[in-house]
Amino acid sequence: MATLLKARNVTKKFAGLTAVDSVNLDIEEGEIVGLIGPNGAGKTTFFNSITGFYPATFGSVEFDNHDITKRSTFQNCKAGMARTFQIVQPFGQLTSLENVMVGAFNRESSYSAAEKIAREMIQFVGMEDKMNSIVADLTIGDQRKLEMARALATKPKLLLLDEVMAGLTPTEIEECVELVLKIRNSGVTILMIEHIMAALMKLSDRVVVLDHGKLIAEGTPQDITKNERVIESYLGSAYKKDIK
Amino acid sequence: MISDFLKRATNSTNNGRLTVQQIVIICVLSLAVLLSPLYVSNYRLNLIIAILTSAYFAQCWNLMSGYTGQFSFGHAAFYGLGAYTSSILFVDLGINPWIGLVLGMIVAGLVAAGIGYLSFHYNLKGDYFALATMAFCEILRVLFKNTKALHASSGVSIPYSKSIALMQFGSKQGFLYAAFVMLAAITFALYKIRRTKMGLYFVAIRENEDAARALGINAFKYKMIALIASAMLSAIGGSFYAQYYLYIDPTIAFSNTVSVSAITPCIIGGAGTVFGPIIGAMILEPISEITNAALSNYIGMNMVVYGLILVIVIMVMPKGVIGLTKELVNKYDKKKAEE
């Protein structure tokens with residue numbers, strides 16, 4: 001299997017603070033990789049560094065065999081990297097359809113073609129009944145789904161999901177897990193930050209753990225839940241009992 | 001009945017198509033303007049021309065600020081450059097104003113490209129960008145006021161003629177029709193562009209620039225396009241103004257009043273909507289005309305009253321007439337549904 005993303009020594013400093021510290025990460029095509037860690041560990045900053053929002057201070061990022069370290073966000077999107085945001089970032093006054101069309105225009109330039117893709121993507125996430133709703137009026141769960149549809153409409157190879165399940169109800173979480181699997185099965189590689197452990201463990205082929213900007217562990221979900229260091233810094237003692 | 005009519009008249013999600021109600025309103029208003037020389041005195045035609053030109057200039061502003069969300073407080077810069085380019089070239093060098101008009105567009109476009117590059121490249125946003133545009137406009141005013149070759153503070157007087165070849169439309173009626181065509185063209189273009197990739201990109205940048213960039217939009221490029229296009233269109237408005245009033249000076253052409261006159265119709269009518277600026281101009285111009293006439297004995301009083309009305313209107317309807325109508329209709333519908 002080909003390596004889709006190669007992050008080497010990715011470091012991001014904000015003045016005196018090293019938010020991300022020499023992180024190495026490879027992502028293979030077709031994988032679902034989970035990224036976990038305590039609040040402030042640098043997970044979102046790592047996302048921002050590889051997508052070009054805040055270019056890394058040091059280190060390099062290779063995507064699909066091209067060096068993208070210095071590229072800007074929109075170029076990365078053209079190259080096939082799409083993301084969602086920890087705090088939803090909708091185009092509030094536009095309809096669901098228009099929101100997703102903005103994504104679809106990444107690959108299409110005709111209005112009708114983009115509209116067709118957008119309709120498909122909205123159906124894919126199961127929101128066809130809200131096609132013409134103004135997005136600011138939707139629930140947070142719907143806005144997150146829509147954000148995924150919007151990212152998918154750009155036809156990405158790699159999709160970065162930043163806590164898409166935060167704030168969702170248990171039923172919505174279940175739907176979301178199904179949706180993520182469906183996305184992977186459609187051939188998109190996924191890197192996801194998530195705090196809902198049950199969902200993450202179910203979905204991930206591999207989990208990486210960040211703490212204080214450093215990558216402290218990497219492995220299958222089973223390995224990670226047994227890792228002393230991860231339990232100490234993130235998972236908490238509930239997992240300790242499980243081992244004993 | 002009325003609520004239903006208003007709902008359809010303010011509908012903007014009808015797949016981008018106009019509703020029957022909207023088409024009716026447009027036709028009635030257009031006819032009212034086109035036939036106005038038949039029932040309005042020559043003097044009152046001034047008011048209609050003022051509404052048309054003010055709506056046109058507001059549409060220019062609407063393109064970059066209403067659609068694309070980049071607030072400019074210095075649109076007089078482009079208006080003034082258009083007015084000055086065609087006037088000076090005609091008066092000093094005898095170049096036909098029609099050619100001057102095109103050259104004015106180019107000059108305004110180039111200056112806009114400079115302002116845009118400096119602002120957007122260094123990521124000036126929101127209020128900071130607005131202040132920067134205001135400053136650039138002020139620079140131009142001072143520059144024109146102090147440069148002899150540009151007639152300094154004495155301004156430029158354009159000789160009167162009756163020839164369309166010299167971009168003077170013979171009579172008030174001529175100017176009326178010319179202004180109508182300009183407004184109709186820019187409104188049609190704004191309406192059409194909303195349903196294209198570029199139009200949707202403009203609006204996406206306004207709504208959320210970070211999200212737009214993450215979805216593959218080169219925000220810098222599209223903001224530049226919006227600014228340059230808006231500047232070039234504003235220059236046409238400037239040239240038209242100069243040919244109509246036959247005199248410009250730096251204080252008229254590059255004043256804050258002109259910059260603000262591009263903004264207020266948009267805000268009052270509804271920024272980012274296709275018809276908002278026209279509605280705004282239809283409300284504001286008569287108010288300014290009435291306060292001018294009623295308070296002509298008290299110098300400056302008309303501006304005080306005008307300002308007061310503006311403040312009240314903005315407090316009552318921050319989303320403009322179109323936004324307020326939509327809200328009211330929604331509330332009415334809900335109330336009805338509850339009953």
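The model is predicted.

## Helix H4 of chain A

Which residues of H4(A) are buried? They are Ala114(A), Ile117(A), Ala118(A), Met121(A) and Ile122(A). These residues lie on the same side of H4(A), because their arc around the axis is only 135°. An α-helix has 3.6 residues a turn, so residues three or four places apart point the same way.

What do the buried residues of H4(A) pack against? Their partners are helix H3 (96-104) and helix H5 (140-152) of chain A.

After H4(A) comes Gly126(A), with a positive phi near 75°.

## Strands of chain A

Strands of a sheet pair through backbone hydrogen bonds, either parallel or antiparallel.

| Strand pair (chain A) | Sense | Bridges |
|---|---|---|
| E1 (residues 3-14) and E2 (17-28) | antiparallel | eight bridges |
| E6 (residues 81-83) and E7(A) | parallel | three bridges |
| E7(A) and E8 (residues 189-193) | parallel | five bridges |
| E9 (residues 206-211) and E10 (residues 214-219) | antiparallel | five bridges |

Begin with the open sheet. It has four strands in the order E2-E1-E4-E5 (chain A), with antiparallel pairing. Which strands form its edges? Strand E2 (17-28) and strand E5 (66-67) of chain A do, each pairing on one side only. Within the E1(A) and E2(A) pair, Ala7(A) has Leu25(A) in E2(A) as its bridge partner.

Next comes strand E7(A), residues 158-162. Buried or exposed? Five of its five residues are buried. Cover comes on both faces. Leu158(A), Leu160(A) and Asp162(A) lie on one side, while Leu159(A) and Leu161(A) lie on the other. E7(A) pairs with E6(A) in the parallel sense, and with E8(A) in the parallel sense as well. Arg83(A) stands opposite Leu160(A) in E7(A). Asp162(A), one of the buried residues of E7(A), stands opposite Ile193(A) in E8(A).

E9(A) and E10(A) make a hairpin, with two residues between the strands. His212(A) sits in the turn and has a positive phi of about 50°. Val207(A) has Gly219(A) in E10(A) as its bridge partner.

## Chain B as a whole

Chain B has 16 helices and two strands. Its C-alpha trace spans about 70 × 55 × 40 Å along the principal axes. How does its radius of gyration compare with that of a compact globule? For 339 residues, such a globule would have a radius of gyration near 20 Å. Chain B has 20 Å, so the two agree.

Of the 339 residues of chain B, 43% count as buried. The contacts in chain B can be sorted by separation in sequence. Among those between residues at least 6 apart, 74% join residues at least 24 apart.

## Gln70 of chain B

Gln70(B) is placed in the loop between helix H4 (42-67) and helix H5 (76-93) of chain B. Why does Gln70(B) count as buried? It has 26 other C-beta atoms within 10 Å, and the cut-off for a buried residue is 20 or more.

Which residues does Gln70(B) touch? Leaving aside residues up to four places away in sequence, they are Met64(B), Ser65(B), Phe129(B), Lys223(B), Ala226(B) and Leu227(B). Gly126(B) is 56 residues from Gln70(B) in sequence. In space, the C-alpha atoms of Gln70(B) and Gly126(B) are 6.6 Å apart.

## Where the chains meet

How many residues does each chain bring to the contact? Chain A brings 24 residues and chain B brings 19 residues. On the side of chain B that touches chain A, the elements giving two or more residues are helix H9 (197-207) and helix H10 (209-214) of chain B. H9(B) gives the most, with six residues. By class, this side of chain B has nine nonpolar, five polar and five charged residues.

Terms used
Residues are numbered from 1 along each chain as its sequence is written. Chains are lettered from A and ligands numbered from 1 in the order in which they are written. This is a predicted model: local features need pLDDT of at least 70, side-chain atom pairs count only at pLDDT 80 or more; totals for chains, interfaces and linings use all residues. A residue is buried if 20 or more other C-beta atoms lie within 10 Å of its own, exposed if 12 or fewer, and partly exposed in between; C-beta atoms are placed from the backbone. The arc is that of the directions from the helix axis to the C-beta atoms. Two residues are in contact if their C-beta atoms, placed from the backbone, lie within 7 Å. Ala, Val, Leu, Ile, Met, Phe, Trp, Tyr, Cys and Pro count as nonpolar, Asp, Glu, Lys and Arg as charged, and the others, Gly among them, as polar. The radius of gyration is taken over C-alpha atoms; the globule rule is 2.2 Å times the number of residues to the power 0.38. Two strands pair if DSSP finds at least two bridges between them.
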